[in-house]
Amino acid sequence: MKEYFDVLDEKGNLTGEKKLRSEVHRDGDWHKAVHIWIINDKGEILLQRRCATKDSDPNMLDISCAGHLSSGDKSLDGALRELKEELNIEANADELNYIKTIKKSSRYTSTFINNEFDDLYILRTNRKIQDMKFQQEEISEIFYVPYNKFKEMVKNKQSDLLMHTEEFEILFNMFDEEFGI
């Protein structure tokens, strides 16, 4: 099935154009994605390891759940869909806490440019790993990491952890008082 994205301008506004995922990345068009960080009441953050066949950052530890918005998607609907697809989590809209939109640009190769507006969400849940079923085409493993260990991983720039510096700062500002040392 072909995946189409809505093309955005540099300010994040819809242009009215839609293109194939491969064309958007080839041409470096701005598009929208969702990032959902999952944290439980014990202060553990869910991480996923991207599967080895991913076209970007294979085998790396990453955000609990993330994905591009398909053409016509609303952000919240896309976030709920990604949770269901990637982790088999059926969440309600009121369980997701929208934090902010972050503009990011990265170039993997000369023909893979990722210019995104990422809508950042937090899902606080006590769902256990055994209650989730991850999408094996996308993810090779999921696990919870205690908050302070996660902070150490970030501080030490752990080599297999994708660095989302701005998002980490937001998480730390939100959760240091509640779960920090």
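1. Is Tyr108 buried, partly exposed or exposed? With a relative accessibility of 33%, Tyr108 counts as partly exposed, where buried means under 20% relative accessible area, exposed over 50% and partly exposed in between (1.4 Å probe, protein chains only).

2. The model is predicted, so local features need pLDDT of at least 70 and side-chain atom pairs count only at pLDDT 80 or more, while totals for chains, interfaces and linings use all residues. Residues are numbered from 1 along each chain as its sequence is written, and side-chain values use heavy atoms, with hydrogens and water left out.

3. Searching the whole structure gives eleven aromatic pairs. The centres of the Tyr108 and Phe112 rings are 5.0 Å apart and their planes stand at 75°, so this pair is edge-to-face; rings of Phe, Tyr and Trp (its six-membered ring) pair if their centres lie within 6.5 Å, and planes under 30 degrees apart count as stacked, over 60 as edge-to-face and the rest as tilted. Phe112 is buried, at 12% relative accessible area.

4. The rings of Tyr147 and Phe179, with centres 6.2 Å apart and planes at 50°, form a tilted pair. Tyr147 is buried at 2% relative accessibility, and Phe179 is buried with a relative accessible area of 13%.

5. Ring pairs also join Trp37, Tyr147, Phe150, Phe168, Phe172, Phe175 and Phe179 into a cluster.
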